[in-house]
Amino acid sequence: MNILKRVGDFLEHHKKLVLFDIFLVVMSYGIRVFSANVSVDTDLFMTHPFSNYNWLDIGRWGLVLLKKIVNKSGFSVYYEGIMAFIVIVLFLLAYAFLFDSLSNKKYNYYIFSALFITHPIFVFQWFFKLQAFEIALSILFIPISLYFIFEWLENKKIINIIVASILMLVSFSCYQTNVILYISSAIICYILKYNDLKGFKENGIICLKLILSFLSVYLLNTMITKLFFTSSSYLSDTVLWDFSHIQNNIHLILFHVKEVLLGSYVLNKAYFIGCSFLVILFVIKIKQLNKQNIFNWICLGCFILTPFLLSLYMGSNPFYRSQYVLPFVIGCMYMLIYKEFSSVADGKKLFIIQTIIVLICGTFTMKQIKVTNKLWYSDDVRYQQDCQMLSSIIDDLHDQGIDYNHKPTVFIGTWRAPLNPQCFVPIETIGYSYFENAATYQPYYFFSNDSIKKLALMQGETIAACDVEQCNQARKYSKNMTSYPQKGYIQEYDDLIVIKLSDDVIKD
């Protein structure tokens, strides 16, 4: 059947799912679409709409490619937000369509979508407006590529593997986490498609084809990246394995495992409870085990461990923004659990079990939406405070008649935005002020000054740039100055202007 007809039929029979997915994205991301909050890094694209940022240096050539294709007229913050919204809805539907096309069983895609896209982890990814649309597009490519991969496994048509490989290559080159998301997606698709396939040989051949098709594209992307693009230590710096102090790496990995299982500010216990349901199912079905069932359970075990692949690779606890495999696994787990209980229970008993599962999923979904919006609110408050802080400093510069537009200006120290009790404490990128960003990076204060001046530019103010030597000189001048907001926190010298936000945070 033609793929467009299949998609049309799927949408025709799942109109409520379409509306439900739109509702979920509105609840978890809608507030961000037209927000005037300009996040860190996005400010560069606001001032240089055709910039490639440092993406080529860190191997994200796919992002540059997509940016050139979908943003030919240059970066637009509202356009980026709108398109990201649309594509997020599309990749939710694409996954549901993929699952539906692979299995004869009818799964509860509402559960999958709700637990997947409302998870607070996505806040830390969508925070970066400069790439939200393109990252969402790269995620969309994964279910589409897997659709063509499984079509290729069925009909052996070479065009299917070519299309799948191209989409995989672009997706992998956009964001490294997409590699793990693909692995996780491929495993769950295999479970859905070949759940009843008997025979070690048949299973082995299919798994081998899936692995080889993945490895060929992964190695191709690695080769392209290393030969033509990577010139930064960004990727290698994320790998923290130190075999002379391996206990530190093990401690960080175990901390990540503990956080996933027991929850934190951002995470909840949905993963742990889902695993508990699977253990119950395994115990109930243990008498029915055969070679095929054992193989399927092994695959399922590998699937639920995929959220930890990144921490094993890095030897540390990954950033939240790179952990969006976790909500995908959680959504799939509960989707499977809801359906698989129908094979061990029926009638009133099944109704009670599935009702309990729906209530648990609904509870987690509402909690996730609440946490997600609280994170967005926290950063909006931070941004308002940053703007007010900048306005206060600009007013003081005007009052003193200081020409900060042309004379090199250096900010020394840091300032943290005072957040109200409804806000989260600063976490990863959320809630951290422009005035405390990158101050301790070497060369000291050079990057933090660049960050503050980008914020100023977003508010229509130009503050003259400074070089590394001027930052070092300003540190010396600041030792005899008072700190903001005390009188004298701004001083003009012959060669530069010094604004002391706090005592020097660098201890020589």
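A charge sits over a ring if NZ of Lys or CZ of Arg is within 6 Å of the ring centre and within 35 degrees of the ring normal. Keep in mind that this is a predicted model, where local features need pLDDT of at least 70, side-chain atom pairs count only at pLDDT 80 or more, and totals for chains, interfaces and linings use all residues. Residues are numbered from 1 along each chain as its sequence is written, and side-chain values use heavy atoms, with hydrogens and water left out.

Start with Lys209: it lies over the face of Trp152, 6.0 Å from the ring centre. Then pick Lys374, found over the face of Phe424 at 4.7 Å from the ring centre.

Next, select Tyr95 and Phe99. They are 4 residues apart in helix H5 (residues 77-102), so about one helical turn separates them; helices here are DSSP runs of H or I, at least four residues, and strands runs of E, at least two, numbered from the N terminus.

Move on to Asn221, in helix H11 (residues 200-229). Is Asn221 buried or exposed? It is buried, with a relative accessible area of 7%. Leaving aside neighbours within four places in sequence, Asn221 is in contact (heavy atoms within 4.5 Å) with Trp61, Leu169, Phe172 and Ser173.

Methods:
Buried < 20%, exposed > 50% of the residue type's maximum accessible area, 1.4 Å probe, protein only.
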